[in-house]
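Me: I would like to learn how to read a model of this kind, feature by feature. Could you take me through one chain with me?

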Amino acid sequence: MIIVYVLLDGFDLGAGAIHLIVAKTDEERRQVLASIGPVWDGNEVWLIAAGGTLFFGFPALYASGFSGFYLPLMIVLWLLILRGTSIEFRNHIVSRVWDPFWDFLFCASSLLLAIFFGAALANVVRGVPLDASGYFFEPLWTDFRLGEQTGILDWYTILVAVLALLALVMHGALWVQMKTTGPVNQRSAKLAANAWWGVLVLTAVVTTVTFQIQPQVKENFVTWPWGMVFPLLAIAGIAGVRFELVKRDERKAFFASCAYLTGMLASVVFGLYPLVLPARNPIYSLTVANAKAGDYGLKVGAVWWTIGILLAAGYFTYVYRSFAGKVVIAKNEPHP
Amino acid sequence: MEEALNVHRLHFAFTITFHYIFPQLTMGLALLLVYLKTKALRTNDEHYNRAARFWARIFGINFAVGVVTGVPMEFQFGTNWAAFSRAAGGVIGQTLAMEGVFSFFLESSFLGLFLFGEKRLGRVGHWWAAFLVWLGSWLSGYFIVATNAWMQYPTGHRVDSHGQIELASFWSLLVNKWVFWQYAHTMLGAVQTGCFVMAAVGAFYLLTKRHESYGKTFVKAGVLVGAVAALLQLFPTGDAQGKLIAEHQPVTLAAMEGLFETQSGAPLVIIGQPDVQKRRLDNPIQVPNMLSFLTYRRWTAQVRGLDAFSVDQWPDTIALLYYSYHVMVGLGTIFIAVMVLAALLLWRGKLYDSNAMLWALMLCVPLPYIANTAGWMTAELGRQPWLIYGLMRTAHGVSPKVGVGNAWFTLIGFMGLYVVLGILWLFLVYREIEDGPEDDEVLHSEPAVNEAAD
């Protein structure tokens, strides 16, 4: 579920982060916004639904994770509020101060969100200072080292955050490329190609470092070698992005990027299993077993959840098909 | 610890109160949009489509603010109330997640189609989009009320040996008498907000002699639906809620009514200021025996006052609870008077020329917001000192490791952000009302025209 959120909101976050770079004129900027306009809040719903699912499925994880990441989560919420309002309010008024203000806010909040999501993921992988009470609290930063009293930001989490930003920039640029024509399309293609190198290098670095920091990962891949399919998927994905970019197949390039993100996230989940929130001190780690809710609740949940998600997938397919194809902005369209 | 508890409570109270300004209009307007689209479908008159498009623009702005202020609510259970979430997540997480899975997906998908897809969908298709947006928003309300109803009247759960509260019966969590009446009462409140807003905009147009044909449509729709909702709000839904509280939260009833002493033939207090220290009501204006009758349908029935309960069971903000309740009931009574009178004038064909009534409708617009807020305050303050009634005290639910300083930091942040958001919302909605329903060639809320090129 979180993977679906990353794939979907990932492209609109990425599109937001590159908004000011690829689109220079008002018309071009509206083109970028229009490519995500009808779908962004549906995408964001995946985040809420994922939060809710975590809540009833793993109450202990939800409780200690959310209260421990109190500050970054609140900042993420503020960014989501700012980003949502920028998309919704921008086109209500035409003015030399109104649109640029929202464009800037949209771009800045999208960028920061990508960074925070990356840092959050890295925190989970690195482990948090959980104690016997089952709770922890992390300040935003301490000494940027991986000691006992970690902060949200340290050198490792910042590294992952930069990777997340680049990966989403690439993902977003590929989406915008697929949905647009003209100069925006060309600039996005170029940006995606440049970001690709960064993603490649950082993926290699982060992967190496992660094996040192979280021993569970190595253990899992050794115990269950079939898990290698996830990193292989990521590698195939990243190679595919390059290949399709050169071939100029826009759709396939975007889907290759989806494969890369899926592969990376699935590798993390697989690598951590059965941990769901590792502690700096391993005896306090939250695992699937000690964080999950009662059996009856999980069983009932699984039933309605499946029904609900099938329904949702139905609406989504319908909406995406209704708004399929390239965005066209008529030259003489009366500006609202 | 005391201070941390208070800041966390204020944090939740502030963000939820601000948030609920928006969904109440969303849910009320959603119903009225279905009404307008049905009219359009039946009469085949473009007038109603224009009217619906006008309200859809306001709906869009309102919905956006509702969404962005709603996301923090889902997270705050974990961030600020971690101990509560850990203990009860297996139960309330169910309904909250169902809201996301069943209603948000529905609502957001079809709202996109409703706002941007009128041409693609055709007449009947567009009616369906409006209907599904309504369904989504009302389902959403159901899951939220079901969550709250469980905290008021916990049922369908089991407490295991570690103090963990587990779900034991899905259906009794989702369907019970408390959620039924609380949902009906809450939704009628939302419908009234929608009706008063629509009628007020209509009255504004009629009084300023602009867009008068639309003014009439809006006033008529608002008054007709609003009069029905106002009456149902009092009876049976308000009455039934009161009886449930008398039965399951008697100490709350005593505090709401300002009844300090147990009495046979208890009076209904209309106005008066509770003095909790001296345990009495100052300057009371009362209707004798009325409370006994309303609660038990017998004029001389005994009603338990606060003195029948130990002080540690009392809600901790009795005066505020008392006022919330009285403001809600007082305003509800005014709504019945205004709406029924307006409906009578409408029936006699005099409403559109009655300046006094139009002024009244226009000026009433903030009141349903106040009444809905006061109603929720009654429910939430009345539940104290319990977080889950009879199961978990509010003091035991907060996040143990989130300190006062951090809680203030984010509370102040939300306050600043929401002030800006509130001003923007008012500004944009006011602009739509100024622009009026007639000029609707371009949908304002649409980022750009989306056309399939391939």
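Me: What is the mean pLDDT of chain B?

Reply: This is a predicted model, and pLDDT is the predictor's confidence in each residue, from 0 to 100. For chain B the mean is 90, with 96% of the residues reaching 70 or more. Over residues 442-454 of chain B, however, pLDDT stays under 50, and for this stretch the model has 41 contacts beyond four places in sequence. For the complex, the predictor gives an ipTM of 0.86 and a pTM of 0.88.

Me: Why is chain B described as being as compact as a globular protein of its length?

Reply: One compares the radius of gyration with the globule rule, which is 2.2 Å times the number of residues to the power 0.38. Chain B, whose secondary structure comes to 13 helices and eight strands, has a radius of gyration of 23 Å, close to the 22 Å that the rule gives for 454 residues, and it is therefore as compact as a globular protein of that length. Of these 454 residues, 53% count as buried, and among the contacts with a separation of 6 or more, 74% join residues 24 or more positions apart.

Me: Where is the kink in helix 7 of chain B centred?

Reply: A helix can be judged by its expected span, 1.5 Å times one less than its number of residues. Helix 7 of chain B, residues 212-248, reaches 50 Å from its first C-alpha to its last, close to the 54 Å expected, and its kink of about 40 degrees is centred on Gly238(B). Helix 10 of chain B, residues 318-347, reaches 43 Å, close to the 44 Å expected, and just after helix 10 Gly349(B) takes a positive phi of about 75 degrees.

How values were computed
Residues are numbered from 1 along each chain as its sequence is written. Chains are lettered from A and ligands numbered from 1 in the order in which they are written. This is a predicted model: local features need pLDDT of at least 70, side-chain atom pairs count only at pLDDT 80 or more; totals for chains, interfaces and linings use all residues. Helices (H or I, at least four residues) and strands (E, at least two) are DSSP runs, numbered from the N terminus. A residue is buried if 20 or more other C-beta atoms lie within 10 Å of its own, exposed if 12 or fewer, and partly exposed in between; C-beta atoms are placed from the backbone. Two residues are in contact if their C-beta atoms, placed from the backbone, lie within 7 Å. The bend at a residue is the angle between axes fitted to the seven residues ending there and the seven starting there.
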